[in-house]
Amino acid sequence: MSNTRLRLDRTQSVPIYRQLYQRLREAMTDGRLPPGKRVPSVRSLASELNLSRGTVELAYQLLVSEGYLLPRGPAGTIVSPHLPDSMGPTPTPDTMAQQAPEPDLEPPLPFQLGLPALDAFPHKLWARLTQRRLRAQSSAELNYPPPTGHPALKRALVSYLGVSRGIACQPEQIFITDSYRDTLGLICRALLAPGDSGWFEEPGYVMARERLLGAGMLLNPVSVDAEGLNVEEGCSRTTQARFAVVTPTHQSPTGVTMTLARRRALMAWAKREEAWIIEDDYDSEYRYRGQPEPALKSLDGDERVLYTGTFSKVLFPAIKLAYLVVPRAQVATFQRTMQGLGHGAPTLSQAVVTDFIEEGHFARHLKRMRALYQVRREHLSQALEHHLGDRVQLDLQAGGMHLLARLPEGADDVTIANRAASAGLGGHALSAWYLSSARQSGLLLSFTNVIDAAHADALATRLAALTV
């Protein structure tokens, strides 16, 4: 109960105990103190409001005598479960409509994109690491977190990225943010300006598109084919581009991998035009056949690539941690920008992730998830082929966390996706990921939370009924 909501006016003629009584009664009326809620002790409320204990005790006694509060001895005092009828008028439908309830936390939807296997996360291990960090917290760790990120986490990421993605960098080149969208906003502030033009994959990641457009960027769609972003097309269509946003390892949403020839062409364009390449490496950890592709950043001899990653898809979304690797020459620029924004992710979560990486849990977790996702993808693809037959054509690429079920030409994937949402299913319509009118039809379906073959069969049956 905030003392700002119980502010008392000593200049009034109404006694302080009476003002406190009225404020508490109002809190019960508007629901801030619901029935059964324990109220602060006399001692603690007196200390919080800088009042004498006798003043608070007098207000409480008055509320008890009128039936608003119920003493429970050592258990404290609670708001009476049976409040008096004199509490005030019953809310009308109009006033109730104005007080929209906050939504409860909801479980993930089947096929929902961007979610790791939440049922397979090592909860007990994570709780143990968190508890250990809490017990050992120093006063420095309770201070405001560094705007650019926890130094220990940045050092851990230097080692991880060097081994897993072939990226050679220093801790000062890494900036910790709370999400990929936050990272894009940081890049826009540090290096770009409203009205700047850039290449954007067609089709491309919807959330990134919305974030960039919201920052005032002008996006030019460049088509994606079996080799990834068509760099030649981009060069012929746009001469003033300041940046390109790409997902070269596992293109979002088609899943194709950009070829080495296209990567080199893109790097040459960036050098020639002094443009920036924003590499979104969102789920490269999950590859089910062939050797892992190195990050585009690992080829960045000219320092034109801004590499972005996130822990949302390899750990869990609620952790709200992502990271950005910038060219050495831009470190000072990004440091100034983050200092101005006052960014700083919670130290505790960064410290726990650091331990998770350095103690080897992260590598083991990724290995388990790769094996699990390969099985779950197989379950879903077989179920879709069985129940939808020639109504879909499945694109099973080398990696990723979702599959693309292409629909026949002319099929209305938006209507099907809307029906699925109404039926409690997730997934996206492929056509919604296009900027231009030249669109293909399909459904983007995550398999990470498909538990087993029976679950996949049940989901495919439900989806098939919506595509008729």
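**Exercise 1.** Which hand, left or right, does the crossing of H7 and H8 have?

*Solution.* The model is predicted.
- Step 1: Locate the helices. H7 covers residues 180-191 and H8 covers residues 206-214.
- Step 2: Take the geometry. The helices pack at an angle of about 35°, with their axes 10 Å apart.
- Step 3: Assign the hand. The crossing of H7 and H8 is right-handed.
- Step 4: List the contact. H7 contributes Tyr180, Arg181, Leu184, Gly185 and Cys188; H8 contributes Met207, Ala208, Arg211 and Leu212.
- Step 5: Sort by class. The contact of H7 with H8 holds 6 nonpolar, 1 polar and 2 charged residues.

**Exercise 2.** Determine which strands stand at the edges of the 8-stranded open sheet.

*Solution.* 
- Step 1: Write the order. It reads S3-S10-S9-S8-S7-S4-S5-S6, and the pairing is mixed.
- Step 2: Read off the edges. S3 (174-177) and S6 (228-229) each have a single partner strand, so one side of each lacks a neighbour in the sheet.
- Step 3: Check one pair. S7 (residues 243-246) and S8 (residues 276-280) run parallel over 4 bridges. Phenylalanine 243 has tryptophan 276 of S8 as its bridge partner.
- Step 4: H6 (residues 151-164) lies across S3, S9 and S10, at about 115° to S3. H11 (residues 331-341) also lies across S3, S9 and S10, at about 25° to S3.

**Exercise 3.** Is aspartate 395 buried or exposed?

*Solution.* 
- Step 1: Aspartate 395 is in strand S11 (residues 393-395).
- Step 2: Apply the cut-off. Its relative accessible area is 16%, and buried means under 20%. Aspartate 395 is therefore buried.
- Step 3: Find its contacts. Beyond four places in sequence, aspartate 395 touches Leu403, Leu404 and Arg406.
- Step 4: Find the polar contact. The side chains of aspartate 395 and arginine 406 are joined by one of 2.8 Å.

Conventions: Residues are numbered from 1 along each chain as its sequence is written. This is a predicted model: local features need pLDDT of at least 70, side-chain atom pairs count only at pLDDT 80 or more; totals for chains, interfaces and linings use all residues. Side-chain values use heavy atoms; hydrogens and water are left out. Axes are lines fitted to C-alpha atoms, for helices over the stretch in contact, and angles run from 0 to 180 degrees between N-to-C directions. Helices (H or I, at least four residues) and strands (E, at least two) are DSSP runs, numbered from the N terminus. A crossing is left-handed if the near helix is turned anticlockwise from the far one by less than a right angle, and right-handed if clockwise. Contact means heavy atoms within 4.5 Å. Ala, Val, Leu, Ile, Met, Phe, Trp, Tyr, Cys and Pro count as nonpolar, Asp, Glu, Lys and Arg as charged, and the others, Gly among them, as polar. Buried means under 20% relative accessible area, exposed over 50%, partly exposed in between (1.4 Å probe, protein chains only). A polar contact is a pair of N or O atoms within 3.5 Å; within protein, one must be able to donate a hydrogen and the other to accept it, and residues adjacent in sequence count only if both atoms are side-chain atoms. Two strands pair if DSSP finds at least two bridges between them.
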